[in-house]
Amino acid sequence: MNKSDSDKMRKDTQITPPPRPWEPPKPKLDGTRPVGIGPNGPLSKADQAALPGWGTAPAICLVAPQMGENIGAAARAMANFGFSELILVKPRDVWPNPKAWVMASGAEWPLESAQVVETASEAIAEKTFVIATTGTPRQVDKPLIGPRQAVARIREAMQSGEKPVILFGSERSGLDNDLIIGADILVTFPVDGRFPSLNLAQSVACLCYEWASLSEADGPPPGWSIEQKPTAPRAAFESFFEHWVEELDTTRFFWPNDRKGTMIETMRNAFVRARLTMGEVSLMRGALRSLAGGARRRALETDAETHRATMTAWLNARSSGDTATLASLQIPNASISEGPRNVILIECVFDFRQGIVLTQNAEGKMGAWIIQLQNGLIEDARYFGT
């Protein structure tokens with residue numbers, strides 16, 4: 001027998017060990033695995049466990065659950081609304097079930113502490129107040145109430161020292177008649193009669209939500225705090241709104257001009273009603289600068305062309321003595337200083353209503369007109385040069 005045959009025989013005769021049973025995942029010792037989201041970002045498992053709860057809640061008992069996914073989804077709903085005690089009566093599939101942990105998606109404590117028993121009698125042995133859920137009409141002489149009324153009854157019972165447990169039946173057939181008959185109250189959900197069948201995990205979620213909604217908790221979950229930022233001081237708001245109107249004015253937003261006042265009043269009313277904080281005022285100003293940048297540039301470019309044409313025509317009219325053209329380019333009673341008549345325009349730079357016009361006379365000497373405009377017409381002109 002050669003070496004390859006010997007190796008093959010050794011490999012064929014090796015015994016494969018049986019697979020190890022699945023175990024729930026163990027959290028890291030340092031508690032750094034993110035399992036939830038808090039008001040300031042992800043929470044570690046240790047942080048999540050340290051948050052205050054909503055106090056004691058009834059036990060949830062799943063009788064003969066079939067799917068691990070439903071058990072995990074039920075545990076997740078329990079964790080969402082302040083429940084932790086989970087009892088499983090003879091689950092169909094192997095337990096612990098990896099699918100349950102996957103569906104729980106981090107809400108592991110109801111699963112890790114779940115009590116697994118063989119019979120419903122064991123599940124309720126230590127309880128004093130039994131609530132059975134049902135979606136099928138039963139001929140039982142017992143009150144059938146909705147989840148909201150049931151939660152109120154459960155709270156009254158707990159205040160009297162009772163130990164309640166809420167029973168949910170299997171996905172296939174619900175609770176057996178003996179459990180229905182033996183319950184203190186029966187609970188059903190207000191489902192549409194055309195399709196009354198409610199998923200097991202959804203049933204748990206609906207009842208747990210009703211419990212939480214009637215709890216003393218109001219607003220965000222316990223341990224969360226949402227910072228209440230004060231409204232910006234009126235001076236900061238006025239500065240922002242002045243900037244807002246100025247940018248819109250520069251970019252020719254207000255049209256037609258006779259509606260400008262009404263438009264400003266409408267916007268001001270909206271901003272006042274919003275009660276902006278200082279952070280929001282700063283953010284709005286930054287956004288305004290960003291948005292107005294392109295529009296402002298285009299408006300100024302258009303203005304530059306218009307102003308250059310105006311100044312060229314004005315200088316030409318001065319050179320030719322065309323008083324009619326001069327009058328059309330100036331406001332009545334415009335303030336115009338003395339300056340050379342026979343010049344040409346070299347450069348024209350304007351910032352909205354103010355500008356500098358560089359000129360050159362026939363002898364090559366440079367000069368400058370400082371111009372002030374009003375509605376596109378010359379209001380004031382001062383010449384500087386020789």
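Residues are numbered from 1 along each chain as its sequence is written, and side-chain values use heavy atoms, with hydrogens and water left out. Because the model is predicted, local features need pLDDT of at least 70 and side-chain atom pairs count only at pLDDT 80 or more, while totals for chains, interfaces and linings use all residues.

**Exercise 1. Determine how H3 and H9 are oriented to each other.**

Step 1. Helices (H or I, at least four residues) and strands (E, at least two) are DSSP runs numbered from the N terminus; H3 covers residues 68–80 and H9 covers residues 200–213.

Step 2. Two packed helices are described by the angle between their axes and the distance between the axes. Axes are lines fitted to C-alpha atoms, for helices over the stretch in contact, and angles run from 0 to 180 degrees between N-to-C directions. For H3 and H9 the angle is about 10°, and the axes are 8 Å apart.

Step 3. Angles under 35 degrees count as roughly parallel, over 145 as roughly antiparallel, 65 to 115 as roughly perpendicular and the rest as oblique. H3 and H9 are therefore roughly parallel.

Step 4. The contact (heavy atoms within 4.5 Å) involves Asn70, Ala73, Ala74, Ala77 and Met78 from H3, and Leu200, Ala201, Val204, Ala205 and Cys208 from H9.

**Exercise 2. Identify what the buried residues of H9 pack against.**

Step 1. Buried means under 20% relative accessible area, exposed over 50%, and partly exposed in between (1.4 Å probe, protein chains only). Among the buried residues of H9 are Leu207, Glu210 and Trp211.

Step 2. The partners of the buried residues are H3, helix H7 (147–159) and the strands E3 (59–63), E6 (129–133), E8 (164–168) and E9 (185–187).

**Exercise 3. Decide whether Ala57 and Ser170 are buried or exposed.**

Step 1. Ala57 lies in the loop between helix H2 (45–50) and E3; with 16% relative accessibility, Ala57 counts as buried.

Step 2. Beyond neighbours within four places in sequence, Ala57 is in contact with Gly82, Phe83, Met158 and Trp211. The C-alpha atoms of Ala57 and Trp211 are separated by 8.4 Å, although the residues are 154 apart along the chain.

Step 3. Ser170 lies in the loop between E8 and helix H8 (177–182); with 12% relative accessibility, Ser170 also counts as buried.
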